[in-house]
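This briefing sets out selected structural features of a single protein chain. The points are grouped by topic and may be read alongside the structure.

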Amino acid sequence: MNPNPRYLVIGAGLAGLSAAWTLCEAGFSVDVVDKSRGVGGRMSTRRGDGWVCDHGAQYFTARDAGFRAEVARWQKAGAAALWSPRLVVMDSEGVRAAGERTERFVGVPGMTAPARFLSEGLPVRSGMTVTGPRRERTGWHVVCAEQGELDETFDGLVLAVPAPQAVPLLAPVSPSLATAASRARMEGCWSVMLRFDQALGLPFDAAFVNDGPLRWVARNSGKPGREGQESWLLHASAAWSEANLEADADTVAQALIDAFIALGGELPQSWSAHRWRYAITESAVDGGCLWCPEQGLGLCGDWLNGGRVEGAWLSGRALGREMVRSFQALAR
């Protein structure tokens, strides 16, 4: 047993960063890699010339006591704030106030902020696509598409990626974990970001839409700490997104903008579209996380814990603690 274990976390979304921090707090050496250019995963913010827009996760709730304490830490650091929009529900029967008292939080100045805050002090390497982890007597060896095999050898490996991306990595090294990950079905989501020359005079800031191609619309520029021109975010429903997953961006944007206009919106000055291939967990795998101490291999992510931002953080935290307990048990 290595007295100073080194772990690799693959995926710098909230689950991966939560797991990494939990291990770091226990005094272990941790490296984090991600195929994207930055951290945050689906807690993502798009930036352009004079505008910003959250085009992934729109907000998060905090029901668990541990996560509430973490969100309070983000708030104190200026990385999150309470968001209290004029929220409505729209369906075939009309428009009505949401009529709920759920506290909703957002990252400040964008949804990536909590992940950026967590990544401070962690050795995160971006633009690294892991293609071939393998277990040898000396530990885990990892191959990346961009630079081949990494020089380091790792005592443990964490996959904090969407289930469909985890399956091909797991199949050669752990068929049982690959089977578990294959049970989670993740659906896509089309996202369209709209920009306007001036504020829209709509009587709501955000809406759950239960009819037509849209499922969510929100005035992004009305969230705390946002700057730049008026921007709105449109999310298509999971069913519509799956049915139009391979459609071109122009076709998708036209359909969603037409639906937004039908709700009282206006034609935007400009727009951008993004397809999230794996966005929504239809049926999460129970348990919060999966850990195989014999192999030093673990899985975490929102797909293991309810499909939400809070679930992602709790999943990473739970896996990190399981890994620490395993090491401590071997050390006795």
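Which residues in helix 2 meet which residues in helix 8? In this predicted model, Gly66, Phe67, Glu70 and Trp74 in helix 2 meet Val309, Glu310 and Trp313 in helix 8. The points below begin with that pair of helices, then turn to other helix contacts, the nonpolar cores and individual loop residues.

**Helix 2 and helix 8**

- Helix 2 covers residues 65-76 and helix 8 covers residues 309-331; their axes come within 10 Å and cross at roughly 105°.
- Helix 2 is therefore roughly perpendicular to helix 8.
- The contact of helix 2 with helix 8 comprises 4 nonpolar, 1 polar and 2 charged residues.

**Helix 1 and helix 8**

- The axes of helix 1 and helix 8 cross at roughly 35° and come within 7 Å of each other.
- The crossing of helix 1 past helix 8 is right-handed.
- From helix 1, the residues Leu14, Ala15, Ser18, Ala19, Thr22, Leu23 and Glu25 take part in the contact; they meet Val309, Ala312, Trp313, Gly316, Arg317, Gly320, Arg321, Met323 and Val324 in helix 8.
- By class, the residues of this contact are 9 nonpolar, 4 polar and 3 charged.

**Helix 4 and helix 5**

- The axes of helix 4 (residues 163-170) and helix 5 (residues 175-182) come within 8 Å, with a crossing angle of roughly 160°.
- Because angles over 145 degrees count as roughly antiparallel, helix 4 and helix 5 are roughly antiparallel to each other.
- Helix 4 passes helix 5 in a crossing that is left-handed.
- In helix 4, Ala163, Val167 and Leu170 meet Pro175, Leu177, Ala178, Ala181 and Ser182 of helix 5.
- The contact of helix 4 with helix 5 contains 7 nonpolar residues, 1 polar residue and no charged residues.

**Nonpolar cores**

- In soluble globular proteins, nonpolar side chains tend to be buried together.
- The largest nonpolar core has 51 residues, of which Leu14, Phe60, Phe67, Trp74 and Trp216 touch the most other members.
- Helix 8 gives the most to this core, contributing 7 residues.
- Another core, of 30 residues, lies apart from the largest one and includes Met128, Ala184, Leu290 and Leu304.
- Beyond residues up to four places away in sequence, Trp216 touches Gln58, Tyr59, Trp83, Leu87, Ala206, Ala207, Phe208, Val209, Leu233, Leu234 and His235.

**Trp240 in helix 6**

- Trp240 is located in helix 6, which covers residues 238-243.
- When residues up to four places away in sequence are not counted, Trp240 touches Trp190, Pro213, Val252, Ala255 and Leu256.
- Trp240 and Asp197 lie 43 residues apart in sequence, and their C-alpha atoms are 29 Å apart in space.

**The loop between strand 8 and helix 3**

- Val108 and Pro109 are joined by a cis peptide bond, with omega about 10°.
- Pro109 is placed in the loop between strand 8 and helix 3.
- Thr112 also lies in the loop between strand 8 (104-107) and helix 3 (113-119).
- Is Thr112 buried or exposed? Thr112 counts as buried because its relative accessibility is 7%, and buried means under 20%.
- Apart from neighbours within four places in sequence, Thr112 is in contact with Val39, Met43, Ser44, Thr45 and Arg47.

**Phe28**

- Phe28 occupies the loop between helix 1 (14-25) and strand 2 (29-33).
- With a relative accessibility of 11%, Phe28 counts as buried.
- Phe28 and Pro5 are 23 residues apart along the chain, and their C-alpha atoms are separated by 6.2 Å.
- Pro5 is also one of the contacts of Phe28, together with Tyr7, Leu23, Val324 and Phe327, leaving aside neighbours within four places in sequence.
- Leu23 of helix 1 and Val324 of helix 8 also belong to the contact between those two helices.

**Ser126**

- Ser126 lies in the loop between strand 9 (124-125) and strand 10 (134-136).
- Ser126 is partly exposed, and its relative accessible area is 38%.
- Leaving aside neighbours within four places in sequence, Ser126 is in contact with Asp34, Ser36, Arg37 and Gly38.
- From C-alpha to C-alpha, Ser126 and Trp313 are 20 Å apart in space, and in sequence they are 187 residues apart.

Definitions and conventions. Residues are numbered from 1 along each chain as its sequence is written. This is a predicted model: local features need pLDDT of at least 70, side-chain atom pairs count only at pLDDT 80 or more; totals for chains, interfaces and linings use all residues. Side-chain values use heavy atoms; hydrogens and water are left out. Axes are lines fitted to C-alpha atoms, for helices over the stretch in contact, and angles run from 0 to 180 degrees between N-to-C directions. Helices (H or I, at least four residues) and strands (E, at least two) are DSSP runs, numbered from the N terminus. Angles under 35 degrees count as roughly parallel, over 145 as roughly antiparallel, 65 to 115 as roughly perpendicular and the rest as oblique. A crossing is left-handed if the near helix is turned anticlockwise from the far one by less than a right angle, and right-handed if clockwise. Contact means heavy atoms within 4.5 Å. Ala, Val, Leu, Ile, Met, Phe, Trp, Tyr, Cys and Pro count as nonpolar, Asp, Glu, Lys and Arg as charged, and the others, Gly among them, as polar. A nonpolar core is a set of buried Ala, Val, Leu, Ile, Met, Phe, Trp, Tyr and Cys residues joined through side-chain atoms within 4.5 Å. Buried means under 20% relative accessible area, exposed over 50%, partly exposed in between (1.4 Å probe, protein chains only).
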